[in-house]
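The sequence and structure come next.

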Amino acid sequence: MRKQRVENQVTEELTHYFEQARKLKCPPSMKQNLYQKIGLNQGSNWLNSSWFKPALAFSFVAVFSLGLVWQNHSQTQQDQLATAEKDMQIAMHYMQKISAKTLQDVNTHGIKPAIIVPVSKSIAQMSMAQI
Amino acid sequence: MSIWYRLQVNQNQHGLYALAYQMLGNQLEAEDVVQDTFIKLWQHKEGGGKFEKAWLYKVTRNQCLDIIRRRKHAYEYQIAQAVGSDVSPSATDVVLNDELSGEIGKAINQLDEPYQSLLVMREVNGLSYQVLADALDLSLSQTKVYLHRARKQLKESLEKTYA
């Protein structure tokens, strides 16, 4: 009976002791001194790292190049749209002229160069500009 | 490297500190041991060495054993100096344990090696049998047997104290 009680007491105290030991924390001074010794500053490690500055420079160049390419691309698109609009206006002008004529005055050979070619050309250009 | 290193420090500092403190019974020495272990890890990784968790515990334990050995030499020197004098420090107080109070702390410190390290690494650090075996260069079955003996010895020692 007494032996059992002692065993229980030992088990309980050991459990408690190990629980307390697990809660033990290493003082923060250890980490601070360690980083100082090996030259790792806690706060500014990103700025001081060897790859950060080249990576930053590369990012700037990449963003700048992308901006130039994008500007060039949108300028080309605007030029194409303007040309297509101009062609469309010419085509509309001829359409109006032809619609004013009677059917007898119009023949297939006359319409082709005057209307079909400018209209198809301008529509093709507009669709190219949309892409 | 530095991010990985910081992660290792954050993950293992408290466990290593608990081990060192249990073995040495002194906070300042435990802190120094943990710091030296992490400096060794930095040098080890810079040299391209392979890292495992067991490696950290092995290095910490070896450093603690060195300190205990040095303390024993210092104690023997003190004894030699104190021959003929009435005052002689107790071996338990001087060699093994200067801060850990209580019967359990003393009983753990009086366990032989590798029982003491195994018990602390298992019960306090919660390491697996495999990590324990790797850290102490033992086989898995040896680890289990030694751990069983360590628990038994500790309980017997405490039961004698409390009886």
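At what angle do the axes of helix H1 and helix H6 of chain B cross? In this predicted model, the axes of H1 (residues 2–24) and H6 (residues 115–123) of chain B cross at roughly 145° and come within 10 Å. Two packed helices are described by the angle between their axes and the distance between the axes.

**Packing of H1(B) and H6(B)**
- The crossing of H1(B) with H6(B) is right-handed.
- From H1(B), Leu19(B), Gln22(B) and Met23(B) take part in the contact.
- They meet Gln116(B), Ser117(B), Val120(B) and Met121(B), which lie in H6(B).
- This contact of H1(B) with H6(B) has four nonpolar and three polar residues, and no charged residues.

**Fold of chain B**
- Chain B has eight helices and zero strands.
- Along the sequence, the pattern of chain B reads α-α-α-α-α-α-α-α.
- Of the 163 residues in chain B, 34% are buried.
- Among contacts in chain B with a separation of 6 or more, 60% join residues 24 or more positions apart.

**Contact between chain A and chain B**
- Chain A gives 23 residues to the contact, and chain B gives 22 residues.
- On the side of chain A that touches chain B, helix H1 (2–22) and helix H2 (28–38) of chain A each supply at least two residues.
- H1(A) provides the largest share of that side, ten residues.
- By class, the residues on the side of chain A that touches chain B are 13 nonpolar, four polar and six charged.

Note on methods: Residues numbered from 1 in each chain as written. Chains lettered and ligands numbered in written order. Predicted model: local features only at pLDDT ≥ 70, side-chain atom pairs only at ≥ 80, totals over all residues. Contact = placed C-beta atoms within 7 Å. Helix = DSSP H or I, 4+ residues; strand = E, 2+ residues; numbered from the N terminus. Nonpolar A, V, L, I, M, F, W, Y, C, P; charged D, E, K, R; others polar. Axes fitted to C-alpha atoms, helices over the stretch in contact; angles between N-to-C directions. Left-handed = near helix turned anticlockwise from the far one by under 90°. Buried ≥ 20, exposed ≤ 12 C-beta atoms within 10 Å, placed from the backbone.
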